[in-house]
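Dear colleague,

Here is the structure I said I would pass on. My notes on it follow below.

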Amino acid sequence: MPHVLRMTDGTTTINLTTTGVLLRHYVPQEAKRVVGTIADYEDVAEPIELLLEGSGGSTTAMQTLHSQIKAMLYAAELRAETGRGPRVYIQYQPSNDPINWRSELRGGAVDLADNAMTVYGQAKMAIRLTITRSGVWEAASEIELPLASVTSTSPATGGKPIQNHYVASTAGNFVTIAHTAVGGVIPTPPRIVLQNASGGTLVFRNIYLGCEQYANGATNYCNMVQGEADQAPSPGSDVSNPAASGGTMLEIEFTGQSSPRWHYSVAAVRAAAGRTFRLLVRFNFYSLVPGNVVWVQPALNELSGAFDLNPYVPRRALEALSVVQLVDVGTVSFGDYPLSAGMATVLRLFSQAEVTVDIDYIQPLPADNFRRLEYVGVGVPNNHHIIDDGIEGRAYQVDGSSQEIPVVSPKGNPILLYPGKVNRLYVLSDLGATAPIDNDLNARVYYRPRRLTVGG
Amino acid sequence: MFTAEFRTLSNADLPVVDGLKVEPQWYRWSTRGGPVAADIKVTGDPTRLWSLLALLGRRAVIFNSHYTPVWWGIVEEVLVSRPTRQDGLSLKKMINRTKVAYVYEQLGETVTGETDWAENAESIARFGFIKESIETQEIEATPELAEAKRDLLLAEQGRAVPISGPGGQAEASVLLKCIGDFSTLAWRYYDQPIGLATHEADEGAEQALGVGFTSSRVGHFTPDKISDLDGKFRKFPTGRVTISGTNFGNNRSTTITAVDSRKVVDFPTAKMAFEANDDWIDSDDELDVFAVGDWTQVTDTNNNNGFWRVRRSGADHVIVRGAGPVLGEISHVGNIRRGTFISVSDTVATEEPGANITVTLHGQRIAQAFSITGTTGWTVAKIELRLGRMGMPSDELQLDLCADSSGSPGSVLESVTISPALLAEERLENEIFAFSNTIALNPATTYHLRLSRTGSNNHENFYLVELDQASGGVQLWDGTAWQVRDPVASLAYRIEGAAETTEQIQGIVAACGQSVISKSSIEASSGIETNQYRDGSMFAYDEIVALMDAGTVSGDGLIAEVTIENILRIRAEPPITAITVQQTDGEQWLDLQGRPLPKGYLPVGQWIGCDDIPSAVAELYRMSPKFLMEAEYDCQAMRIRSYSFRGEPEVDDILGLD
């Protein structure tokens, strides 16, 4: 199979390697990564040399093709500058490559070759395209990834059920993608489809997404821990509550400061070396005392120590007017110690008045692969969908007529899937003040493998 | 990569139109408020950039690459830049609530005042906050002119103010200039009526306190003179006086109309001759020290000892009357004592000294009723009066705060005394009585200030109190009852409450935080109490900064930070031993593990160690650690680009700029 090179806006496709066009030269160049990003790459400008041939010796057909190329490059430029119109891609499938790759065009110029007019009368014209395109190549077709979840452990496409908390074997707030599933070379954003499977309409406020990469079969810091799994000398007592994950939570009554702590194993801490995690904490309840503020500040301690190794995080105030159950309390950063001992995650709680704080669970999520979807719509009926399309850079709700409703405001960078790794995608949601543990969803994940060069 | 998001003041999401690229440029943190300033640049489709004007007055939050918020505040200016021109909107000069102060001459008198507040309701509803200004007219203006000026100001500046200028950038962009939430406290004046009750003297007058004496050497002389042979009236003030202990019906309360301030005279009889039946003769013409109405006492003569009153005076010849006739005599050892007198408004019967008479000036105690305004009570921390002394009293001056009892001072709520040594002699100065700040004054309740001396009355060592004769209310104790002073007057006083400075900050935030700063959290009580009254002439921001500058009673500084939840946190500076950040000579800022600080983190309000400075030098010259007061982060270069440690001069100070 010869190389195939095309330009397309999804409706019109200009084939640059078949009848009427002879591809004389094209070598995709590798882009540079944008400093400070994980997988953003600078645009690439590179030449494509073509010989246009009018069908049946027709100069008109040759001119038409020339004009079509110019028009598509103009459309690409306009799209890049203003966001108007469809995206325009260059597609490239080298000989024997099973994947047709695409890269979004940002614009370009068409110049006639030095001797282009010499054979013009024979309906032949040599041209040189100088295109500017996205720095990455991705598959032209989306691929649905097989997923496994806690309650449906066999990897498969078609959707997997997830719950709004984790209890071993019975409920899980994540789907796992096998290390062999994600292809390509560089991290790639997925299209995440979340279907309301709760049985009723959910008026979300926030949907938190985080994706962690695991060495195959290993545990790490991202595992959700139950509040009642705290370790001595942690304060408080375990209290039963059917609305809490696992039916139990940690209840603490205090004035001044209280520091419940949870121990993490050597394996979990070493997997976190040099990295930063956000902590989402589900507070089943906390006292609201007029004029008082309950503050929470995450800390890292030695297993038997009290010195805060994470003192750069500001305190977070728990809501003053009503109890908000699911709270992003800030980050913890681990030092770069790959042979680290186990450590304790501590929630330092502060209050000048006597209060009660109920901690249901803590869910750490990787800070460099974290995204919040803020929902501003009127509700997602049962079986309807919320889509976070990191590929296209859009998020929306889909109604019963498959129409997109732009009531989902994505915050933060798109989630990234890493090729060759176990990718575990966590999802937590709240309805504003409450974060019921039975906000059940069904998750599907689609992606396009990405690479920096094609044919290399 | 840094990003920014926008929200309404009620925390609703304001997504930026698709296709626009939001790039925070820099931001600054300070120990005075936390996030204080930032610039955010937005580029993209020029036709869509104009939609960003709607972000004026809205919340902006800057996130680092971990989607951790690193700065937050309010968009104060939106500037749309094209290649040749910039246009935008600004809140800087917007005023949606204002009043105008005026001054003018009326019948030769200077009249000052202020108009009522007026506001642009539409602007307040649009933005959700009030931005106030009290304008002062530079030229003379009547109230009518001032009101016209006020209304014109609201018409011109009541909404966001358009701004424009040349220049711009080649690429169409919008610059969002942002201020921290703390800065919005400079949008409202802080008016706090609690904690002050005052009466100033418009027409000042002195009132003596604790003046009087008892003596057997007081005589009366018809029609109006009361004398004391020892000169005890010499420093007597005027006013009402009560006489008791007389034998001839002279017990009464009357008014002193004049005071004889001559010195007491002891006249040697060797200089003169007694001649029958009523004459004293002096060939040296020195008898003019005696005046008509004087009571005198002759002692140590052979025939003329006793009390004599002068009926006619002259330098060479005095005619006197006594219990009997003058007998002729030349006495070389005798003496004639002449004291001083007061004239009173009543007619008195002539009465020879001898009875044990008590003379009491009204004002043994002085009382003034008062009540506080408003609807909230407060506790008394200090009372300021204008006081002085005559001579040097041997007792103390006592001020009682009393409840009311049928219009007069009742039970004593608290008493404070001060030493006479603290008072100026023969003049009035402001003096402060420090109260415990525990006695609560309630609105619509009458209280009394009552002044008295802790010892006995005295004729030359007593106290002076300033009154205001332009109003009434003061009562004087005559020895047995309270009397309204004649002429009426009021005590000049200033009663102040006090509250802890950090508690006051809470009150200021509650009053002026508007929808921007929802509440405050005081994590370090200052332990310093000051008067909480504010007359509304200063912005809330300035009031808070002034209170913070006082620090705590233990000498610690205070740090203010408005959190992302819009709560003003007030906390004490960390101890100098709490060093969690190091600064290297390569402008690296390192954490505990020696790693670069998290991107975008500014360690403002912390002690920064400079470990390359030798420790002895660092300690001796206080070069390390240093307390970071302010710092600025460059989001493009991703580094801390400027900072200021405590004690280091600002660039503007060095350049001599305001």
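Chain A and chain B bury about 3000 Å² between them, and carbon and sulfur atoms give 50% of that area; buried area here is the accessible area (1.4 Å probe) that two parts lose on being put together, summed over both. On the chain A side, A:Trp295, A:Tyr312 and A:Lys411 lose the most area to chain B, together 22% of what that side buries. The contact (heavy atoms within 4.5 Å) takes 42 residues from chain A and 33 residues from chain B.

This is a predicted model, in which local features need pLDDT of at least 70 and side-chain atom pairs count only at pLDDT 80 or more, while totals for chains, interfaces and linings use all residues. Residues are numbered from 1 along each chain as its sequence is written, chains are lettered from A and ligands numbered from 1 in the order in which they are written, and side-chain values use heavy atoms, with hydrogens and water left out.

Between the two chains the count is 7 salt bridges, a salt bridge being a side-chain nitrogen of Lys or Arg within 4 Å of a carboxyl oxygen of Asp or Glu. A:Arg84 and B:Asp45 meet in a salt bridge, at 3.5 Å from N to O.

As for chain A itself, 55% of its 456 residues count as buried (under 20% relative accessible area, 1.4 Å probe, protein chains only). Its C-alpha atoms fill a box of roughly 90 × 50 × 45 Å along the principal axes. Of the chain A contacts between residues at least 6 apart in sequence, 76% join residues at least 24 apart.

Regards

Technical notes:
Buried means under 20% relative accessible area, exposed over 50%, partly exposed in between (1.4 Å probe, protein chains only).
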